[in-house]
Amino acid sequence: MSYVVVGLNHRTVPLEILERMSIGSDELPKALASYRRALKSSPHRADVLVNYGIALIKAGARDEGVAQFRKALELDANHAKALDSLRL
């Protein structure tokens, strides 16, 4: 996936774009482990579930990623990022 972003930098880019760009494939195992640890201590954080889902999809585990978005929506039916992520 490629992004062309004009007039934005790390301070002005929307968080959703920054998060999707920020995890490189070489960092995925570490990111996935971090999200798993975060969910053990805070299993009811919809934002963590969504970020974990995005990382899972980047790792090639699309079904697992979508499951995390659905869990986030069980906690917050109007979670915008979870709803947007399901549309990808």
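**View 1. Gln 68, a buried residue of helix H4**. Helices are DSSP runs of H or I with at least four residues, strands are runs of E with at least two, and both are numbered from the N terminus. Setting aside neighbours within four places in sequence, Gln 68 contacts Leu 39, Leu 49, Tyr 52, Gly 53 and Leu 56. Contact means heavy atoms within 4.5 Å.

The model is predicted: local features need pLDDT of at least 70, side-chain atom pairs count only at pLDDT 80 or more, and totals for chains, interfaces and linings use all residues. Residues are numbered from 1 along each chain as its sequence is written, and side-chain values use heavy atoms, with hydrogens and water left out.

**View 2. Helices H2 and H3 packed together**. H2 spans residues 28–41 and H3 spans residues 46–58. They pack at about 155 degrees, with axes 10 Å apart. H2 is therefore roughly antiparallel to H3. Axes are lines fitted to C-alpha atoms, for helices over the stretch in contact, and angles run from 0 to 180 degrees between N-to-C directions. Angles under 35 degrees count as roughly parallel, over 145 as roughly antiparallel, 65 to 115 as roughly perpendicular and the rest as oblique. The H2–H3 crossing is left-handed (near helix turned anticlockwise from the far one by less than a right angle; right-handed if clockwise).

**View 3. Residues where H2 meets H3**. H2 contributes Leu 28, Leu 32, Tyr 35, Arg 36, Ala 38 and Leu 39. H3 contributes Val 48, Leu 49, Asn 51, Tyr 52, Ala 55, Leu 56 and Lys 58. Ten of these residues are nonpolar, one is polar and two are charged. Ala, Val, Leu, Ile, Met, Phe, Trp, Tyr, Cys and Pro count as nonpolar, Asp, Glu, Lys and Arg as charged, and the others, Gly among them, as polar.

**View 4. His 79 in the loop between H4 and H5**. Helix H5 covers 80–86. His 79 is buried, at 13% relative accessible area. Its side chain reaches the backbone nitrogen of Ala 82 at 3.1 Å. Leaving out neighbours within four places in sequence, His 79 contacts Ala 46, Asp 47, Val 50 and Leu 73.

View 5. Of its 88 residues, 33% count as buried.

Terms used. Buried < 20%, exposed > 50% of the residue type's maximum accessible area, 1.4 Å probe, protein only. Polar contact = N/O pair within 3.5 Å; in protein donor to acceptor, adjacent residues only side chain to side chain.
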